[in-house]
Amino acid sequence: MSSTIKLLQVVFLAVLAVCVKAQYNDLIPEVDQRCMECLCYAGSHCDLTLKCHNPGGGNYYCGPYVISWAYWHEGGRPGDYGGPHDFETCLNNKTCAEQAVRGYMRVYGKDCDRSGTIDCYDFVRIHKLGAAGCKSDSILNTQFWKNFESCYGSFNNNNVMHSDQYW
Ligand SMILES: *[C@@H]1O[C@H](CO)[C@@H](O)[C@H](O)[C@H]1NC(C)=O
């Protein structure tokens, strides 16, 4: 009898955990295309000819989104067919790199700037600083952030809507 109650408790807690987790995941919105384009613009002016490169410090980044192997890996390894250079091929392809960004944010999306919502401003921080460091306001003084704002702000303001400049 008491083992039946214990079993019911375990089942109840398991169902509760699944519900809470599902609800929590629902709070992370998908990165929309407008945000995506400005993320692309922030890192490289969305230079589609930018391939893999080593900017020093043992880092290695690829493509217009300037993404590392680790980021691609945690973003769900889109375009992984088991080859050693699949991640480079993927990241140098804008569409495939965007799958990595969406996958990464699905895992790590959170309210970095304590605005009360998870939005593009958080995704930009996470993209650049990683989820662990994304609360740092040091990013606000970077060219990366200024690029992002000049892109994203021009979308926000209907009077200066020159979207074709970035898309
Ligand atoms: C770019 O990536 C997308 C999505 O993974 C894929 O469908 C497409 O075939 C790739 N394009 C090229 C030129 O490889």
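## An exposed arginine in a loop

Arg-114 counts as exposed because 7 other C-beta atoms lie within 10 Å (C-beta atoms are placed from the backbone, and a residue is buried if 20 or more others lie within 10 Å of its own, exposed if 12 or fewer, and partly exposed in between). The residue is found in the loop between H5 and H6, and its phi is near 55°, a positive value in a residue other than glycine.

This is a predicted model, in which local features need pLDDT of at least 70 and side-chain atom pairs count only at pLDDT 80 or more, while totals for chains, interfaces and linings use all residues. Residues are numbered from 1 along each chain as its sequence is written.

## Overall layout

The protein has seven helices and two strands, where helices (H or I, at least four residues) and strands (E, at least two) are DSSP runs numbered from the N terminus. Read from the N terminus on, the elements follow the order α-α-β-β-α-α-α-α-α.

Of the 167 residues of the protein, 27% count as buried. Among the contacts with a separation of 6 or more, 48% are made by residues 24 or more positions apart, a contact being a pair of residues whose C-beta atoms, placed from the backbone, lie within 7 Å.

## Helices H2 and H6

Helix H2 (residues 33-44) and helix H6 (residues 120-133) have axes that come within 10 Å and cross at roughly 35°; such axes are lines fitted to C-alpha atoms, for helices over the stretch in contact, and angles run from 0 to 180 degrees between N-to-C directions. The crossing in which H2 passes H6 is right-handed, that is, the near helix is turned clockwise from the far one by less than a right angle.

Cys-35, Leu-39 and Ala-42 of H2 make the contact together with Cys-120, Phe-123, Val-124 and His-127 of H6. These residues divide into six nonpolar, one polar and no charged (Ala, Val, Leu, Ile, Met, Phe, Trp, Tyr, Cys and Pro count as nonpolar, Asp, Glu, Lys and Arg as charged, and the others, Gly among them, as polar).

## The nonpolar core

In soluble globular proteins, nonpolar side chains tend to be buried together. In this model the largest nonpolar core has 33 residues, and those with the most contacts inside it are Leu-39, Ile-67, Leu-91, Ala-100 and Val-101; a core of this kind is a set of buried Ala, Val, Leu, Ile, Met, Phe, Trp, Tyr and Cys residues joined through C-beta atoms within 7 Å. At least two residues of this core are supplied by each of H2, helix H3 (69-74), helix H4 (86-91), helix H5 (94-108), H6 and helix H7 (143-156), and the largest share, seven residues, comes from H2.

Ala-100, when its neighbours within four places in sequence are left aside, is in contact with Ile-67, Tyr-71, Trp-72, Gly-75, Gly-76, Pro-78, Cys-90 and Leu-91.

## Buried and exposed loop positions

Cys-46 lies in the loop between H2 and strand E1 (53-56) and counts as buried because it has 20 C-beta neighbours inside 10 Å; although Cys-46 is not a glycine, it has a positive phi of about 50°. Val-66, in the loop between strand E2 (59-61) and H3, is likewise buried, with 23 other C-beta atoms within 10 Å. Not counting residues up to four places away in sequence, Val-66 touches Gly-43, Ser-44 and Tyr-61, and its C-alpha atom is separated by 9.5 Å from that of His-127, 61 residues apart along the chain.

The loop between H6 and H7 holds Ser-136 and also Asp-137. Ser-136 is exposed, with 12 other C-beta atoms within 10 Å, and Asp-137 is exposed with 10. From C-alpha to C-alpha, Asp-137 and Asp-113 are 8.2 Å apart in space and 24 residues apart in sequence, while Ser-136 and Asp-113 are 8.4 Å apart in space and 23 residues apart in sequence.

Key:
Contact = placed C-beta atoms within 7 Å.
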